[in-house]
Amino acid sequence: MYTRYCRSMLCTPATDLGKYAKCHQSGADICQVDLEDSVPLPQKEEARRKASAFFSARTATSTTAPVRCAVRINAVTELNGLCDLLALRGYPTKPDIVVVPKVESARDIEIVESVLSEDCPRLELMAIIETPRGLENLTAIATSSPRLRALIFGSADYAAALGIGLAWEPLAYARSRLVNAARAANIDAIDSPQFNLTDQLLLGREAERAQSLGFSGKIALHPRQIPVINEVFSPNAAELEHAYRVVTAAHRSGQGITTVGGSMVGRPFYQASQRLLDEFGQLTTAGQQPRPPLNTESSTAEARRGEQR
């Protein structure tokens, strides 16, 4: 499903201040500073102190190009995870999103929400599913909080737990389950990163597979991965043109069954096409006038989510 909210999320270590501005200016939909795996254990406290600057930097708070900033904390079942939560409460500029790793139950999300909700009233949460136990509890996790905006698949830890490699096929079942649970809860699904930082073709193929399964975006580990990921998780001109034709047909038929390009279309096609145009803009071809939105359930649900946010 296409959305500008989370096509790409670029990670940078909290201890590397020199990379903060590059991350903010990378073009990623979400910029994430990491307190977990990229930070050695002896440097956790230093990382917590430095990470505050990630959210208050001028490159992140520009009024002309504000950046949506996230932080990945340590697991809340560990002491460092609890220390991370207490540190976030004292940051002058709060993160937009807290990414919670190794989530295995709804309680993990409830703990984060309970600790941070008073100091961070607009906070959004994302849960990384990277253990077999987390996969078994997907439904409860996905519906654990109205602040939860996405499930993220953590392939490296999950594969290690199963004793298998990172090839696509053995992990396809876990990816599919995660996407289904996320969509059932009306939230997004984000795929794990491609760890090969130099093979852009490999990154593109894996991103296309993830997009075809229903993922909304993919984690990036280097700024050079962002253009490839954003392109794969954005509709092309032909898809936007088709969506416009489907919505036009919906208006003409009163949202009844009709045909577009020789194929039958009905309400599910209208809803998907309207959602695409809402997110990525109406066509601007000369002579075409923007269509008013259809009164679809999806549009109503998205408007309701916007009011809640």
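Helix H10 is followed by Gly214, whose phi is positive, near 120°. Helices here are DSSP runs of H or I with at least four residues, strands are E runs of at least two, and both are numbered from the N terminus. This is a predicted model, in which local features need pLDDT of at least 70 and side-chain atom pairs count only at pLDDT 80 or more, while totals for chains, interfaces and linings use all residues. Residues are numbered from 1 along each chain as its sequence is written, and side-chain values use heavy atoms, with hydrogens and water left out.

Stay with H10 for a moment. At the start of the helix, a side-chain oxygen of Asp199 comes to within 3.2 Å of the backbone nitrogen of Leu201.

Which residues of H10 are buried? They are Leu203, Gly204, Glu206, Ala207, Ala210 and Gln211. Buried means under 20% relative accessible area, exposed means over 50%, and partly exposed lies in between, with a 1.4 Å probe and protein chains only. The cover over these residues includes helix H9 (168-184), strand S7 (188-191), strand S8 (217-220) and helix H11 (226-232).

Leaving aside neighbours within four places in sequence, Ala207 is in contact (heavy atoms within 4.5 Å) with Lys218, Val232 and Phe233. Ala207 and Gly217 are 10 residues apart in sequence, and their C-alpha atoms are 8.0 Å apart in space.

Now the strands. Eight of them form a closed barrel with parallel pairing, in the order S1-S2-S3-S4-S5-S6-S7-S8. Two strands pair if DSSP finds at least two bridges between them. The twist averages 25° from one strand to the next. Axes are lines fitted to C-alpha atoms, for helices over the stretch in contact, and angles run from 0 to 180 degrees between N-to-C directions.

One pair shows the detail. S4 (residues 97-100) and S5 (residues 124-129) pair in the parallel sense over four bridges. Val99 has Met126 in S5 as its bridge partner, and Val100 stands opposite Ala127 in S5. In a regular strand the side chains alternate between the two faces of the sheet. In S5, Glu124, Met126 and Ile128 point one way, and Leu125, Ala127 and Ile129 the other way. Six of the six residues of S5 are buried.

What lies in the interior? In soluble globular proteins, nonpolar side chains tend to be buried together. A nonpolar core is a set of buried Ala, Val, Leu, Ile, Met, Phe, Trp, Tyr and Cys residues joined through side-chain atoms within 4.5 Å. The largest one has 61 residues, of which Ile73, Val98, Val112 and Leu151 touch the most other members. H9 supplies the largest share of this core, seven residues. Apart from it lies another core, of 14 residues, among them Met9, Ile30, Ala70 and Val99.

Asp34 sits in strand S2 (residues 30-34). Asp34 has a relative accessible area of 2%, so this residue is buried. Its side chain makes polar contacts with the side chains of Ser38 (2.7 Å) and Arg72 (2.7 Å). A polar contact is a pair of N or O atoms within 3.5 Å; within protein, one must be able to donate a hydrogen and the other to accept it, and residues adjacent in sequence count only if both atoms are side-chain atoms. Beyond four places in sequence, Asp34 is in contact with Thr12, Pro13, Ala14, Val39 and Arg72.

Two loop residues close the tour. Lys102 lies between S4 and helix H5 (106-116). Its phi is near 50°, a positive value in a residue other than glycine. Lys102 is partly exposed, at 24% relative accessible area. Asn186 lies in the loop between H9 and S7. The phi of Asn186 is near 65°, again positive in a residue other than glycine. At 41% relative accessibility, Asn186 counts as partly exposed.
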